[in-house]
Amino acid sequence: MDAQRALLDELMGAARNLTEEEKKGYREVSWDDKEVCGAYMVRFCPHDLFVNTRSDLGPCPRIHDQKLKESFEKSPRHDAYVPKFEAELAQFCEKLVMELDRRVRRGRERLAQEVEPAPAPPLSSEKSEQLSVLEEKIKNLLEQVEALGEAGKVDEAEALMRKVDVLNAEKTTLTQQPQTDKVLMLAQEKKMALCEICGSFLIANDAAERTQSHITGKQHIGYGMVRDFITEYKEAKEKAREEERLAREKEAEERKKQRENEHENRRRRSDSGDRDRHRDRDRGERERDRYRERDSGRERHRDWNGRSRDGGRGVDWRSRNGRDGARDRYRDRSRSHSPVRHGHKRSSRSPVHPY
């Protein structure tokens, strides 16, 4: 019936049975509506796993529609909604597994209980008298066996020992009490086993057909899917966290390298600036040296030109200065002998020029 309804919905639309008035207020359902089951969109709905089993969850209160699921898978927003729907499914599945694990734990504790035998009831007077007679016979026979053994009569001693064994067996039968029904039931229960997947009780060492029937049953398969999904979901979350951590570490390492490169570039620029300043200073010093050398060369050139004007003789400035000094001293002596300086009248032939 549901398959036929789904087929008609696909061919004629979900509003095929509505009147014109009802169609005016009708709104087409989309896969992202709250009425649509997100778990059914991404994986499976747990309500569909345990139908007609002891773990039946009943019908899902939300919409399950294969057409909407196909629309969701083709939607460009598919990847953005998958984490949200998977998180909702994981939360629901974890609640199921927590309840199941409590049931499994209780079953395990039930199987772990030791079967405590009930205390033996007291023997009747008749059985007590029979037990006393048997014990007396066994005692007498053992004394005879000991005596025959000391006398070296081994065969007779062995024959009496066989009689002692028979009497001991009768004593055990007399003292053994029949087990109660409760003890038998608990002993039978100890032969049960517990399925760790779905929490069902199984008969230990049961036939292979019955074991296979349990493994392929809805309840076992359903809880297996639930547990597998939770494990897969947790592993994916852990992997995503690990990738995010590695990405953060890589980003931090890249930022660190970038800072180191910037620091190295600043250091290189600083070193380059220092070298430029040193190079400029050295260039300035060299230029000043060249200027000084050029000035010195000009002075030497002027001195050389002066010597050339003195006659071209290779007399240096010291000899010239010495000659000039001698001339000056001669002039001074001539002036000291002058008649004017000593009060003598100059000859009329030597006119005195006024100063």
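Contact here means that heavy atoms lie within 4.5 Å. The structure is a predicted model, in which local features need pLDDT of at least 70 and side-chain atom pairs count only at pLDDT 80 or more, while totals for chains, interfaces and linings use all residues. Residues are numbered from 1 along each chain as its sequence is written, and side-chain values use heavy atoms, with hydrogens and water left out.

**Lys-191**
- Lys-191 sits in the loop that runs between helix 8 (181-189) and strand 1 (192-194), where helices (H or I, at least four residues) and strands (E, at least two) are DSSP runs numbered from the N terminus.
- With a relative accessible area of 53%, Lys-191 is exposed; the classes are buried under 20%, exposed over 50% and partly exposed in between (1.4 Å probe, protein chains only).
- When its neighbours within four places in sequence are left aside, Lys-191 is in contact with Ile-203 and Ala-204.
- A separation of 8.6 Å lies between the C-alpha atoms of Lys-191 and Asn-205, which are 14 residues apart along the chain.

**His-47**
- His-47 belongs to the loop between helix 3 (38-42) and helix 4 (66-74), and it counts as buried because its relative accessibility is 14%.
- Apart from neighbours within four places in sequence, the residues in contact with His-47 are Leu-57, Gly-58, Pro-59, Cys-60, Pro-61 and Phe-92.

**Glu-146**
- Glu-146 is placed in helix 6 (residues 125-151), and this residue counts as exposed because its relative accessible area is 53%.
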